[in-house]
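Please read it beside the sequence and the three-dimensional view.

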Amino acid sequence: MESAIPGIEGKVNELLAVLDEDIRHVRASLLRLDELRSLVVKRDQAALGRLLEKIRGESQEYSVNESKRESMRMGFAADLRCGVSDMTLSRLESVLGDEKRIEVAQRKAELRSLTEKLQREHAKTAMLLSDCAGFNSVLLRSILELGNTGTTTYGSDGLRRVQSNSVFVSLQF
């Protein structure tokens, strides 16, 4: 079966290359989340710094692919005479021949599966970081309150004064 819109099949090969780059990027993001969690648990500050620099560099490189995908989306929307917001892979599939339709459907299914996994891994990472922040807060609070007797006294001026004879931190100069 031929494409319903002449010339659109030629552009699909370029789209498939962009989708392949999207797939590669999501897979790399999954690996980086695993690495991030591992480095947080190990408390390896130097490696975390290197990982963050690597992520910044890759995100700048990936923005080129995002721009290309958005440009292609606008082109397909013009070809199919629909709004850019209405231009989806499903809509594109509906006008493609059998071979290209299958290729686009495969990429779409793989991207959907990978993005669902990425969402789960992102949630796991967010929970880990939240737990770490909570542990740090409890630890800091216990250190700062260590040695605090909790005794309240009043000065000659009638103002309340909390005992602050902490072993680790002295607030008086």
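Which residue forms a salt bridge with Asp98, and how far apart are the closest N and O atoms? The partner is Arg101, and the closest N and O atoms of the two residues are 3.2 Å apart. A salt bridge here is a side-chain nitrogen of Lys or Arg within 4 Å of a carboxyl oxygen of Asp or Glu.

1. Basis of the note. The model is predicted, so that local features need pLDDT of at least 70 and side-chain atom pairs count only at pLDDT 80 or more, while totals for chains, interfaces and linings use all residues. Residues are numbered from 1 along each chain as its sequence is written, and side-chain values use heavy atoms, with hydrogens and water left out.

2. Overall fold. The protein has 4 helices and 2 strands, arranged along the sequence in the pattern α-α-α-α-β-β. Helices (H or I, at least four residues) and strands (E, at least two) are DSSP runs, numbered from the N terminus. Of the 173 residues, 27% count as buried; buried means under 20% relative accessible area, exposed means over 50%, and partly exposed lies in between (1.4 Å probe, protein chains only).

3. The Asp98 pair. Asp98 and Arg101 are 3 residues apart in helix H4, and therefore separated by about one helical turn. Asp98 counts as partly exposed, at 40% relative accessibility. Arg101 is likewise partly exposed, at 24%. In general terms, side chains of opposite charge can pair when their charged atoms come close.

4. In one of them, Glu121 pairs with Arg37, the closest N and O atoms being 2.6 Å apart. This pair links distant parts of the chain, since Glu121 is in helix H4 and Arg37 in helix H1, 84 residues apart. Both Glu121 and Arg37 are buried.

5. Lys108 and Glu93 meet through their side chains in a salt bridge of 2.8 Å, N to O. Lys108 belongs to helix H4 and Glu93 to helix H3, and the pair, 15 residues apart, links distant parts of the chain. Lys108 is buried, with a relative accessible area of 18%. Glu93 is also buried, at 12%.

6. The largest pocket. Its volume is about 300 Å³. Of the 16 lining residues, the closest to the centre are Arg69, Arg73, Met87, Thr88 and Leu89. Helix H1 (8-42), helix H2 (45-79), helix H3 (89-93) and helix H4 (98-145) each give two or more residues to the lining, and the largest share, 5 residues, comes from H2. The lining divides into 8 nonpolar, 2 polar and 6 charged residues. A pocket is found on a 1 Å grid over the protein atoms alone, as an open set of points where a 1.4 Å probe fits, with protein on both sides within 12 Å along at least five of seven lines; lining residues have an atom within 4 Å of a point. Grid points are joined across faces, edges and corners, and a volume is the space filled by probe spheres set on the points. Ala, Val, Leu, Ile, Met, Phe, Trp, Tyr, Cys and Pro count as nonpolar, Asp, Glu, Lys and Arg as charged, and the others, Gly among them, as polar.

7. The second largest pocket. About 160 Å³ of space lies in this pocket. Its lining includes His25, Ser29, Arg32, Leu36, Leu52, Glu58 and Leu118. The elements that give two or more residues to this lining are H1 and H2. The lining residues divide into 6 nonpolar, 3 polar and 2 charged.

8. Spacing of helix residues. Leu52 lies in helix H2 and is partly exposed, with a relative accessible area of 41%. The C-alpha atoms of Leu52 and Leu36 are separated by 9.0 Å, the two residues being 16 residues apart along the chain. Ala17, in helix H1, is partly exposed at 46%. Between the C-alpha atoms of Ala17 and Arg69, 52 residues apart along the chain, the separation is 9.8 Å.
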